[in-house]
Amino acid sequence: MRIFTKGWMDVKRRLSKMFSFILVLTLLAACGNSAINTSSNEERNEASQQGESAETIKIGSILPFSGVYASLGKDLSDGMKLYFDSINWKVEGKKIELIEEDTEADPQVALRKLRKLMDQDNIDILNGAVSTAVAYAIRDEVDSKKLPYLTSHAGGNDLTRGKRSDYIWRSSFSSWQIGHSMGEWAFENVGDKMYIAAADYAFGREVSAAFIEAYKNAGGEIVGEVYPPLGNNDYSSYLTTIGGVEADGVYGFFAGSDAVRFVQQFKQFGLKEKFKLVGSGWLVAEDLRETIGNAAEGTFASTFWDYNLETEENQAFVKAYEEAYNRRPTIESLEGYDAARIIAEAITVTKGDVSDSEKLVEAIANVSFTSPRGEISFDKETHHVIQNMYISETVLSEGKTENKIIDTIEKVQDPGK
Amino acid sequence: MDLIGAQLVNGVSYGLLLFIITCGLSLVFGILGVLNLAHGSMYMFGAYIAYSLTATYTQSFWIALLISPICVALLALVVELILLRPTYQLGHLSQVLLTFGLAYVFHDIASYIWGSNVLTIQVPPVFSGSISVFGQVFPAYRIVVIVIGIIIAALLWFIQAKTRWGAIIRAGLNDKEMVSALGVNIKLVFTIVFIVGGLLAGFGGVIAGPILGIYPSMEFQTLILALVVLVIGGLGSIAGTLVAGLLVGVFETFSRFLFPELSMFLIFGLMVMVLVVKPNGLFGKKVA
């Protein structure tokens with residue numbers, strides 16, 4: 001008995017030391033997403049598995065299928081498959097093989113998966129990347145191996161500015177396009193005093209900087225700024241501070257669970273009666289609004305596509321997507337759909353020849369068509385997409401919120417510096 | 001002045017929310033000496049089950065508040081009986097590894113069942129409105145959280161201080177061998193305390209869901225905060241957890257108010273300061 005007690009005390013003595021060790025361990029594990037994501041995703045499309053390699057065009061896709069961005073990766077992938085389905089996975093008589101790899105939104109993992117795609121699968125074209133950090137991490141590898149790469153989501157400004165490469169083209173958006181397009185509009189339609197609240201990470205900072213630049217140029221005044229950490233769980237303190245400020249509106253840049261909490265709490269703290277809420281499309285995104293509920297009503301957002309765009313192309317896209325997957329497309333679904341079409345059209349131009357990278361990127365550069373989001377084409381200088389930006393207002397209809405397009409800013413071109 | 005008063009209400013509300021989330025972890029650690037790293041996952045299950053109940057089956061927050069913690073408590077029972085019990089002789093490292101591993105398993109189970117979308121729990125209409133305090137608007141639900149936090153604290157205090165069960169638990173905190181020598185079935189005590197820990201974790205999930213939201217990896221974020229509160233309060237002390245929860249809540253709220261860029265750092269700074277001055281936490285017993 002005595003010995004047992006002594007042993008127990010010993011254990012207790014070591015406990016405090018152990019505890020600090022454990023805490024560090026937990027922090028490390030929880031901070032890096034990679035530790036949480038355990039599954040490794042490798043899908044091959046069955047329809048495209050047969051066929052000789054000479055007759056097959058291999059398209060590599062690096063997307064996050066696990067971790068916080070998992071739903072974005074899924075939507076991008078579904079959008080791509082929807083387009084390839086519509087052309088029967090065939091371009092110029094050649095089969096398309098889509099090889100998808102899970103990046104877990106981790107730059108290290110992404111680089112490893114990219115090397116696998118290049119060395120083992122010998123892909124001809126690469127697309128994907130949701131996280132800008134992933135896009136930056138693979139940039140040099142893609143550039144040195146001359147692999148044509150179409151960025152289908154990651155929006156960091158620098159990818160088509162300082163980190164520009166001959167082989168990298170972007171069909172999604174840049175932070176600048178998102179923020180800048182709202183600046184002038186907010187000054188003219190909301191008021192001349194704004195408060196900025198944006199998540200403290202590269203994307204949030206870049207978008208709000210672009211907004212501030214455009215808003216100030218238009219003549220507006222920024223009365224205050226606050227940058228809560230990414231993944232902040234409670235906005236009460238920030239919102240109480242904002243509540244005491246004299247302003248016409250609040251520009252909020254948040255996405256995912258942050259957006260849900262921010263928009264909900266914005267209303268709960270009575271700010272909706274005082275200020276107009278403006279932001280980007282992700283604040284009131286298609287897959288978040290149901291969770292946010294009626295609190296989203298009255299939000300103005302800048303975006304490059306919306307579910308309710310009333311063009312023929314968009315209605316056809318929405319219908320096809322809903323039939324195929326039985327849910328509404330998100331902006332990421334559209335990005336995937338467009339990326340697939342850009343790749344297919346470029347290959348059509350080269351007559352199915354994907355052996356020459358130079359020719360292929362030139363073909364990508366010349367692609368232009370009317371997408372569900374409107375007309376798109378590439379800026380040959382920056383390699384970035386030129387597209388319309390839309391201002392949406394969230395309205396209540398039949399007890400649910402819907403985004404309504406109320407303004408269009410035509411052919412927004414990233415300045416490239 | 002009004003603004004400071006309003007921030008104080010925010011801080012107290014957030015602090016009591018932290019207390020509600022952490023008290024189960026603290027209780028289990030105090031009695032069993034097991035640092036349950038799956039506590040965050042139980043919290044997550046509480047929130048997800050409550051979501052499923054309110055969104056699909058009953059639409060009633062109150063029924064979810066009743067059933068969801070019970071489901072989590074049942075899960076805790078299974079974990080304790082089958083997995084945790086054999087590890088009591090093996091020392092703390094194996095328990096930490098076990099519960100940490102469980103956290104990952106639960107993470108994947110949750111993402112398999114509920115997917116990766118962001119979800120939220122609807123609060124009953126009575127509490128979904130806003131009320132005015134210090135001339136500022138507050139969500140009524142925040143005030144409800146304050147009331148619930150106080151009730152939980154009072155209840156735990158009452159059980160610990162005034163009932164026979166509380167006496168056994170307090171005795172178990174001090175000397176487990178002596179308690180079992182006096183004829184108390186310590187194994188049963190362990191099991192029951194672990195179940196109560198699960199119950200409290202599930203309860204915390206339902207209460208926090210409408211405020212903190214439900215999303216993939218929510219449990220790890222919450223676990224870190226809960227561990228900070230636990231360490232500051234002193235291991236295994238309910239009173240300490242209450243004080244630490246309030247301290248962290250008010251401190252974080254004001255640091256967000258005054259130095260928004262530093263808020264994350266300041267919380268860990270506070271933890272370091274407390275540990276330097278009082279290595280066992282604010283209310284912790286002297287370790288050996």
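Helices (H or I, at least four residues) and strands (E, at least two) are DSSP runs, numbered from the N terminus. This is a predicted model, in which local features need pLDDT of at least 70 and side-chain atom pairs count only at pLDDT 80 or more, while totals for chains, interfaces and linings use all residues. Residues are numbered from 1 along each chain as its sequence is written, and chains are lettered from A and ligands numbered from 1 in the order in which they are written.

**Chain A as a whole**

- Chain A contains 13 helices and 16 strands.
- Of the 417 residues in chain A, 54% are buried; a residue is buried if 20 or more other C-beta atoms lie within 10 Å of its own, exposed if 12 or fewer, and partly exposed in between, with C-beta atoms placed from the backbone.
- Among the contacts in chain A with a separation of 6 or more, 72% join residues 24 or more positions apart; two residues are in contact if their C-beta atoms, placed from the backbone, lie within 7 Å.

**Domains of chain A**

- Chain A is divided into domain 1 (42-173 + 311-383) and domain 2 (176-303 + 390-412); the bounds come from an automatic or database domain assignment.
- The centres of domain 1 of chain A and domain 2 of chain A, taken over C-alpha atoms, are 30 Å apart.
- Domain 1 of chain A contributes 10 residues to the contact, and domain 2 of chain A contributes 12 residues.
- On the side of domain 1 of chain A that touches domain 2 of chain A, three residues are nonpolar, six are polar and one is charged. Ala, Val, Leu, Ile, Met, Phe, Trp, Tyr, Cys and Pro count as nonpolar, Asp, Glu, Lys and Arg as charged, and the others, Gly among them, as polar.

**Helix pairs in chain A**

- Helix 4 (residues 107-119) of chain A and helix 5 (residues 132-144) of chain A have axes that come within 8 Å and cross at roughly 40°. Axes are lines fitted to C-alpha atoms, for helices over the stretch in contact, and angles run from 0 to 180 degrees between N-to-C directions.
- Helix 4 of chain A is therefore oblique to helix 5 of chain A; angles under 35 degrees count as roughly parallel, over 145 as roughly antiparallel, 65 to 115 as roughly perpendicular and the rest as oblique.
- The crossing of helix 4 of chain A and helix 5 of chain A is right-handed. A crossing is left-handed if the near helix is turned anticlockwise from the far one by less than a right angle, and right-handed if clockwise.
- The contact involves A:P107, A:A110, A:L111 and A:L114 of helix 4 of chain A, together with A:A133, A:V134, A:A137, A:I138 and A:E141 of helix 5 of chain A.
- By class, the contact of helix 4 of chain A with helix 5 of chain A has eight nonpolar, no polar and one charged residues.
- The axes of helix 6 (residues 175-189) of chain A and helix 7 (residues 202-218) of chain A come within 7 Å, crossing at roughly 35°, and this crossing is right-handed.

**Individual residues in chain A**

- A:S333 lies in helix 12 (residues 331-349) of chain A and is buried, with 29 other C-beta atoms within 10 Å.
- A:S333 and A:L76 are 257 residues apart in sequence, yet their C-alpha atoms are 4.7 Å apart in space.
- Not counting residues up to four places away in sequence, A:S333 touches A:D75, A:D78, A:G79 and A:Y321.
- Most residues other than glycine have a negative phi.
- A:W89, which is not a glycine, has a positive phi of about 55°; A:W89 is in the loop between helix 3 (70-86) and strand 3 (90-91) of chain A.
- A:W89 counts as buried because 20 C-beta neighbours lie inside 10 Å.
- A:K411, in strand 16 (residues 400-412) of chain A, has a positive phi near 45°.
- A:K411 counts as partly exposed because it has 13 C-beta neighbours inside 10 Å.

**Chain B**

- Helix 2 (residues 39-57) of chain B packs against helix 8 (residues 186-212) of chain B at an angle of about 55°, with the axes 7 Å apart.
- Helix 2 of chain B is therefore oblique to helix 8 of chain B, and their crossing is right-handed.
- By class, the contact of helix 2 of chain B with helix 8 of chain B has 11 nonpolar, seven polar and no charged residues.
- B:L8 is in helix 1 (residues 2-32) of chain B and is partly exposed, with 15 other C-beta atoms within 10 Å.
- B:L8 and B:L77 are 69 residues apart along the chain, and 38 Å separate their C-alpha atoms.
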